[in-house]
Each structure stands twice: as C-alpha cells, then as structure tokens.
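This briefing covers the pocket, the nonpolar cores and the aromatic pairs of one protein model.

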Amino acid sequence: MTESTAALVPEIELEQISMQYPAAFSDVLALQDVSLSIAKGEFVSLLGPSGCGKTTLLRIMADLIQPTGGRIEVAGKSAKEARLAQRYGIVFQNPVLYDWRKVKQNITLPLELKGVKKSEREARAMELLELVGLQKFADQYPWQLSGGMQQRVAIARALAMEPEILLMDEPFSALDEFSRERLNEELLSIWSKVGNTIVFVTHNISEAVFLSDRVFVLSPHPGRLSAVAEISLPRPRTKEMRNSEAFFRLIAQIRDSFEGV
C-alpha cells in the first residue's frame, strides 16, 4: 500500500478499548484505552512483548470476546455484525487442522458447513492450494506436512470464505527463522493477489517491519498504544531489503519506542 493511510477508507476502528479480567484478589487490566484505525486493504501488525494484550485485542476485533470498555466498528458495523457476515478469516498460532481429514478436506470444511456444493468447494480448495503453493499435497494428511506447510493450509482455509479481513495471531512463531522468513515472503505474495485487510500479531520486530504498512506498538501491563510506526519500505518487499540500512533504521526506531515503557 503506497497511499497515505490517512486518506484511505477505515475498515476497522477501535476507540478507547479496555479489557479487564476478574481475578481472585484483584481484577487484571489487560488493555487500557486503546484507539486505532486500520484502512481497508492495509497490512498492519500489533507488536509488543508477551503479556501486552496483543492477542486480546485481536480477539476483540474478531468478536470472540467482548471488551469491558470502548467501541469497535468494522466497515461501519459492530464486530458482531461483521463476524455474522463472515467478514473475518482467522489464523491462529497453531494450525488447528484435523488430522483425519486430508488437506483438501480441511480447506473445504468452512464451505461444507455453509452448504456449498461439493464440486464448487473442491474447485475453491484447489484454487487456494495453488495460491499457497500446495496443490501437489491436496490428498495428503496434515501430519505428513511440515509445520510451515501446515500453516499455509491454515491460511488457505481462512481464505476459503473470501474474507475481507484476515486476522493472524503469531502464525509463524513456532517455526525456525529460515521457515519464518520464507513464509513472510509467501504471505505478502498471497496478500498482493487477494488484497484483503490483514491484522498480524507478533512480538518479532523485524517480522513486523518486513510485512507491514504500519506497526502498532503496545506497552505491557496494561496494554496501551505507545507508538505507531509508518513503514516506508517500498513494495513489493524482497529478501534483500532485510539487509538494507532503511530496514535496520526502522527496527531501531521501533525498538527505541519501547524505552521507558
């Protein structure tokens, strides 16, 4: 995305979001007064250390949990309306695939639940497998695939219903660095073809810089929005950019934003 985000149509708007969990001795404030706006078609990352509320914020966007304070709108509607309209696709930290279903059958599951005809859902599954580069593995079982391949299947399944928004919760954190960097590149390739809005949770600064248009930095205990970094690297992103002066400068800028937090 090359346009100024300020000039783009908001897809997700959060205003003064807070989240407090009940606890035995005193309630735990996980998020406090988080306000942000994400443009349609934008790739943003929620970045911060463990325990800063990144996943909680993502789950609030997805209408999986309700905030204890604040307001959220998705394309002018509530998060619940967006969820019921199936505007979301979600990819979790673990692929959560069904080992007794073949790869193609894992991808067609959301379409089966919706009642889509078998011929249509199988054609859609093969399109998505081609998109993620796994068309040769359609009849394999998940346990026969590497961790990175399993995550690509999970991404394909999340895209099965053609969601306008893809929510991703540290999907590559369990992978080795080489696999992670390769999947970063593949994810950007998929995004360039699909063009949906992506909200990506990570605690890896270089990953956030490489992927994102903007990075929202959250501080811990409770999670607050402490900085917003505009990522000025040109697109398409290439692996060579990881060694550029601009890349390291952005990493340093974001790391400095954690000082004193």
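The points below are grouped by topic, after a note on the model.

This is a predicted model, in which local features need pLDDT of at least 70 and side-chain atom pairs count only at pLDDT 80 or more, while totals for chains, interfaces and linings use all residues. Residues are numbered from 1 along each chain as its sequence is written, and side-chain values use heavy atoms, with hydrogens and water left out.

**Largest pocket**

- The largest pocket holds about 580 Å³ of space. A pocket is an open set of points on a 1 Å grid over the protein atoms alone, where a 1.4 Å probe fits, with protein on both sides within 12 Å along at least five of seven lines; its volume is the space filled by probe spheres set on the points, which are joined across faces, edges and corners.
- Its lining has 18 residues, of which Tyr88, Gly89, Ile90, Pro110 and Arg157 are the closest to the centre; lining residues have an atom within 4 Å of a point.
- Strand E5 (88–91), helix H3 (103–114) and helix H5 (147–158) each contribute at least two lining residues, and H3 gives the largest share, four residues. Helices (H or I, at least four residues) and strands (E, at least two) are DSSP runs numbered from the N terminus.
- By class, the lining comprises 13 nonpolar, two polar and three charged residues. Ala, Val, Leu, Ile, Met, Phe, Trp, Tyr, Cys and Pro count as nonpolar, Asp, Glu, Lys and Arg as charged, and the others, Gly among them, as polar.

**Nonpolar cores**

- The largest nonpolar core has 50 residues, and Val209 and Ile254 have the most contacts inside it. A core joins buried Ala, Val, Leu, Ile, Met, Phe, Trp, Tyr and Cys residues through side-chain atoms within 4.5 Å; buried means under 20% relative accessible area, exposed over 50% and partly exposed in between (1.4 Å probe, protein chains only).
- H5 provides the largest share of this core, six residues.
- Apart from this core lies another, of 28 residues, including Ile17, Ile38, Val44 and Ile65.

**Aromatic pairs**

- The whole structure contains six aromatic pairs. Rings of Phe, Tyr and Trp (its six-membered ring) pair if their centres lie within 6.5 Å; planes under 30 degrees apart count as stacked, over 60 as edge-to-face and the rest as tilted.
- Phe43 and Trp191 pair edge-to-face, at 5.4 Å centre to centre with 90° between the planes. Phe43 is in strand E3 (residues 43–47) and Trp191 in helix H6 (residues 177–194), so the pair ties together parts 148 residues apart in sequence.
- Both Phe43 and Trp191 are buried.
- Ring pairs link Phe43, Phe172, Trp191 and Phe200 into a cluster.
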